[in-house]
Amino acid sequence: MSSVAVVSSENLYEKQQSCATPVVQATAAKVNLLGMSRPELEKFFEDLGEKKFRAGQVMKWIHQYFVTDFAEMSNISGKLREKLEKICEIKAPEVVHRNYSKDGTRKWVFRVGDGEGSLVETVLIPAEDKTGARKTLCISSQVGCALDCSFCSTGKQGFQRDLTPAEIIGQLWMANYSYMEDVPVAERERTVTNVVMMGMGEPLLNYDAVLSSMQLMLDDFAYGMSKRRVTLSTSGVVPKIDQLAQDIDVALAISLHAPNDELRNELVPINKKYPLQQLIAACQRYLAKDGNESARRHVTIEYVMLDGVNDQPEHAQQLLKLLKNLPSKINLIPFNPFPHAPYGRSSRNRIIAFQKTLSDAGFVCTIRQTRGDDIDAACGQLVGQVADRTRRAEQWKKKVAQQQEILRTQG
Ligand code: SAH
Ligand code: SF4
């Protein structure tokens, strides 16, 4: 691993590293076990003529001990290990950039796909809460996004492709592994406590891959996370919210951002297809699905604060009415500006006044900490910066080569 002397102009990075993923290199023909859910892995072993309990054993090696080399899986017979080495691999996406900041925040940019591939980002944010040290990982589900919300830099990139289950769970694997690289295998632990599907992309439009990744997050043979600590965030793909209610019990966050259809049509265009009334009804059905033991006691309402657009007193009043019959907690997100964004961030005072209206009416309403403006970066902004730097570095290389060519021909 080598250090690179690239520092962003905004001084965002305290430590930049370019690195190759420390996992087995394998040919494309091999089956990647990283993204397989337990039923899929059981079937895989049965098809090999092996007992299905092998699936649980291998899952623990992969997701709890972060082992990628079959030779280290000591409770698997030598013969089976050899067989596995020949036909499969455990391969996380390649890390092309990482940044571990002094405040504990960690960020990765992964390259996914063949050749040049595409870039996706993952951010880990630590926090102290009443349950102790929390480490929340913000995971991407797609490269780009088709839904084109007007305040979102991922939306501005357009949609490129869905991530595979291995690329989704690989982000969690890598974040956990990053704390355990130097720890002996037998002593390794899972460090990430919370996951939010709030990185790049709309998770409900990559439904199957996101579902099987979340199943791995909850599975005791894999990450064994509490269902209340896995949150799916959606801009409101109503039929898929109903499907999710049938398939898995995780916490739900809704990117609302506007309290009336007219404004929401403008900010979150999918609202034209599934307007607010339908969205709120889907949230109510989601919460009604299970009892108090489930992760579904409330939905989290995300509301980005855009100066002069959705932050006025009448918007707060409309929001109160809209959410009257929906158990919800509201999270106000100061807008994170990006180049050519058509909005500004609401002032601190405006955000506090908005919060007060909601809290006075009995809602739990928090303001997301921005920690130096770069922390909400899992909205496509980090990828933008890395891509820019890569482009600049390439242009520079070309220029140097041209200069050398001129000198050579002149000399
Ligand atoms: N597509 C999903 C999940 C990814 S977006 C969704 O929309 O919910 C994760 C969160 O970041 C969403 O609430 C989104 O609205 C918010 N977001 C996007 N761009 C932002 C920006 N520039 N500033 C602040 N929050 C932003
Ligand atoms: Fe897509 Fe979410 Fe961004 Fe909207 S806010 S464009 S749904 S990633």
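1. Let's start at Gly236. Setting aside residues within four places of it in sequence, Gly236 is in contact with Ile254, Val268, Ile270, Asn271, Tyr274 and Leu279. You'll find Gly236 in the loop that links β12 to α7 (238-247). Gly236 counts as buried because it has 26 C-beta neighbours inside 10 Å, and 20 or more is what it takes to be called buried. Have a look at Gln278 as well: it sits 42 residues away from Gly236 along the chain, with 9.2 Å between the two C-alpha atoms. Do keep in mind that this is a predicted model.

2. Now the overall picture. The protein chain has twelve helices and 16 strands. It runs to 411 residues, of which 40% count as buried. If you take the contacts with a separation of 6 or more, 66% of them join residues 24 or more positions apart.

3. On to the core. The largest nonpolar core is made of 97 residues, and Leu172, Val195 and Met305 have the most contacts inside it. Helix α5 (residues 165-180) gives the largest share of this core, with eight residues. Domain 1 (29-87) and domain 2 (92-397) both contribute residues, so the core lies between them.

4. Apart from neighbours within four places in sequence, Val195 is in contact with Leu137, Ile139, Leu172, Met217, Met225, Arg229 and Val230. Leu172, one of those contacts, is also among the residues with the most contacts inside the core.

5. Which residues come nearest to ligand 1? They are Cys152, Met198, Ser233, Ser255 and Asn336, out of 16 residues around that ligand. Strands β12 (230-234) and β14 (299-305) each put at least two residues into the shell. By class, the shell around ligand 1 splits into seven nonpolar, six polar and three charged residues.

6. Ligand 2 has its own set of surrounding residues: Cys145, Leu147, Asp148, Cys149, Cys152, Thr154, Gly155, Gly201, Glu202, Ser235 and Ser255. Four of the shell residues are nonpolar, five are polar and two are charged.

7. A couple of strand pairs to check. β14 and β15 run parallel and are joined over seven bridges; for one of the bridges, Val304 is partnered by Ile333 in β15. Strand β15 (residues 328-334) is mostly covered, with five of its seven residues buried.

8. The other pair is antiparallel: strand β5 (residues 94-100) and strand β6 (residues 106-112) are joined by six bridges. Asn99 has Lys107 in β6 as its bridge partner. This hairpin has five residues between the strands, and there Gly104 takes a positive phi near 100°.

9. Last, is Lys60 buried, exposed or partly exposed? It counts as partly exposed because it has 16 C-beta neighbours inside 10 Å, and that class falls between the limits of 12 or fewer for exposed and 20 or more for buried. Lys60 belongs to helix α2 (residues 53-63). Beyond neighbours within four places in sequence, Lys60 is in contact with Tyr65 and Phe221. Ala222 is 162 residues away from Lys60 in sequence, yet their C-alpha atoms are 5.8 Å apart in space.

Key
Residues are numbered from 1 along each chain as its sequence is written. Chains are lettered from A and ligands numbered from 1 in the order in which they are written. This is a predicted model: local features need pLDDT of at least 70, side-chain atom pairs count only at pLDDT 80 or more; totals for chains, interfaces and linings use all residues. A residue is near a molecule or strand if its C-beta atom, placed from the backbone, lies within 6 Å of it. Ala, Val, Leu, Ile, Met, Phe, Trp, Tyr, Cys and Pro count as nonpolar, Asp, Glu, Lys and Arg as charged, and the others, Gly among them, as polar. Helices (H or I, at least four residues) and strands (E, at least two) are DSSP runs, numbered from the N terminus. Two residues are in contact if their C-beta atoms, placed from the backbone, lie within 7 Å. A nonpolar core is a set of buried Ala, Val, Leu, Ile, Met, Phe, Trp, Tyr and Cys residues joined through C-beta atoms within 7 Å. Domain bounds come from an automatic or database domain assignment. Two strands pair if DSSP finds at least two bridges between them.
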